[in-house]
Amino acid sequence: MSEVSAVVVREQGAAPAIESVELPEPGSGQVRVRVRAAGVCHSDLSMVNGTLRPPYPLVLGHEAAGEVVAVGGDVTRAKAGDHVSLNWQPACRMCWFCTHGQPWLCATSSGIPAVENGATIQGVPAYVTLGLGAFAEEVLVPENAVIGVPEELDWASAALLGCAVLTGTGAVRNTARVAQGDSVLVIGLGGVGLSVVAAARAAGAEPVIAVDVSEAKKALAEAAGATDFVVASDGLAKEIRGRTSGRGADHAFECVGRAATIRAAWRATRRGGQVTVVGMGRADDNVELSALDIFSSARTLRSSVYGNSDPDRDIPVLARDVLSGTIGVDHLITDRIGLDEVPAAFDRMSRGEGARSVLIF
Ligand SMILES: [Zn+2]
Ligand SMILES: [Zn+2]
């Protein structure tokens, strides 16, 4: 057993606090990883603020990278010393979805916010976020949740590959399949939205119009590769038509997870255009579209779950893209923090400030 410091939330709405968590030795098929960097994602905030209803006590964190320190029996895909990104939705490779090319919808792990993995707090079983619980000095994970990355990749980038970058880049490459010259609208410029912007530019999209409620996001949007920045308003659809030859955007990416912004994305997209919902919203926030509008606008509305990605295939590709400079990650990281600064990072996120805060161990 090892004892590690971790960020734990005791009940919905309670402030996250640092607590000592006991992790058992890795069992068969399990790997223990010393976390070196972990990004603070909006889904972590959703575990705390009532958007999601996970069980508690809960170790937060699911976007991370680190070094393998110990492996249990029968582990074949990792060994001590390996540098790995963590995958919060490892595919079983056996269910209907996995065997039909949709591992991001794997029946064994989809939609489960937290699991028990043997971690305890003062002897009481604790839950870990998305099978990881990565705001911790060490994590105990199934071996299919670790994906090897090159040693020359920096830890913060390797961490962000596991959620924001995979989700944003996958939405562009796998879900929407943005092509050279397509016009792209991105609403909501957190870590995921800025990753969508960067991937759209890397795909040759133009214009790439970035939208946020805060003018303060303009510099971040431009650093990510946006050609245009627009502050959200009721006149957004008209504004976007004015920048896309009067038609509306070929693609809109909604990276907020709200009915109002999904409707705004829909209205700002051209006839026959595509709206990809990347943000995760609330169960009681209903999007209203008229039957006539759905038919006559000929638009496509769909979601992108974890970037419709196969992380085993896509994370190594993204690692190479980061190392070659095709995809930038540095511009996403606006704060480097310690374990005790997670509550302040949630506050910044709630206020819509900055992009990614990354815990550095
Ligand atoms: Zn995330
Ligand atoms: Zn599966």
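Q: How do the residues lining the second largest cavity divide into nonpolar, polar and charged?
A: In this predicted model, the lining of the second largest cavity divides into 3 nonpolar, 2 polar and 3 charged residues.

Q: Which residues are they, then, that line the second largest cavity?
A: The lining is made up of D335, A345, R348, M349, E353, G354, A355 and S357, and helix α10, which covers residues 342-350, gives the most to it, with 3 residues.

Q: And what volume does the second largest cavity have?
A: The second largest cavity has a volume of about 40 Å³, while the largest cavity has a volume of about 60 Å³; the count of cavities of 30 Å³ or more comes to 2.

Q: OK, the largest cavity: which residues lie nearest its centre?
A: Those nearest the centre of the largest cavity are L23, V59, V128, G133 and E138, out of 14 residues in its lining. The elements that give two or more residues to this lining are β1 (2-9), β2 (17-23), β7 and β9, and of these β9 gives the most, with 3 residues.

Q: What about the classes of residue in the lining of the largest cavity?
A: The lining of the largest cavity has 11 nonpolar, 2 polar and 1 charged residues.

Q: Switching to the metal: which residues coordinate the zinc ion, ligand 2?
A: The zinc ion (ligand 2) is coordinated through the SG atoms of C92, C95, C98 and C106, at 2.3 to 2.4 Å, and along the chain these donors follow the spacing C-x2-C-x2-C-x7-C.

Q: Where in the chain do C95 and C106 sit?
A: Both C95 and C106 are in the loop between β6 (83-86) and β7 (114-121), 11 residues apart.

Q: Are C95 and C106 buried or exposed?
A: C95 is buried, with a relative accessible area of 13%, and C106 is also buried, at 0%; the cut-off for buried is under 20%.

Q: Last one, the second largest pocket: what is its volume, and which residues are closest to its centre?
A: The second largest pocket has a volume of about 320 Å³, and of the 19 residues that line it, P90, S109, V115, G131 and P142 are the closest to its centre. β7 and β9 (138-142) each supply at least two residues of that lining, which by class has 11 nonpolar, 7 polar and 1 charged residues.

Key
Residues numbered from 1 in each chain as written. Chains lettered and ligands numbered in written order. Predicted model: local features only at pLDDT ≥ 70, side-chain atom pairs only at ≥ 80, totals over all residues. Heavy atoms only, no water. Donors = N, O, S within 2.8 Å, 3.2 Å for Na, K, Ca; no water. Helix = DSSP H or I, 4+ residues; strand = E, 2+ residues; numbered from the N terminus. Buried < 20%, exposed > 50% of the residue type's maximum accessible area, 1.4 Å probe, protein only. 1 Å grid on protein atoms, 1.4 Å probe; cavity = no way out; pocket = protein on both sides within 12 Å on 5 of 7 lines; lining within 4 Å. Points joined across faces, edges and corners; volume = space filled by probe spheres on them. Nonpolar A, V, L, I, M, F, W, Y, C, P; charged D, E, K, R; others polar.
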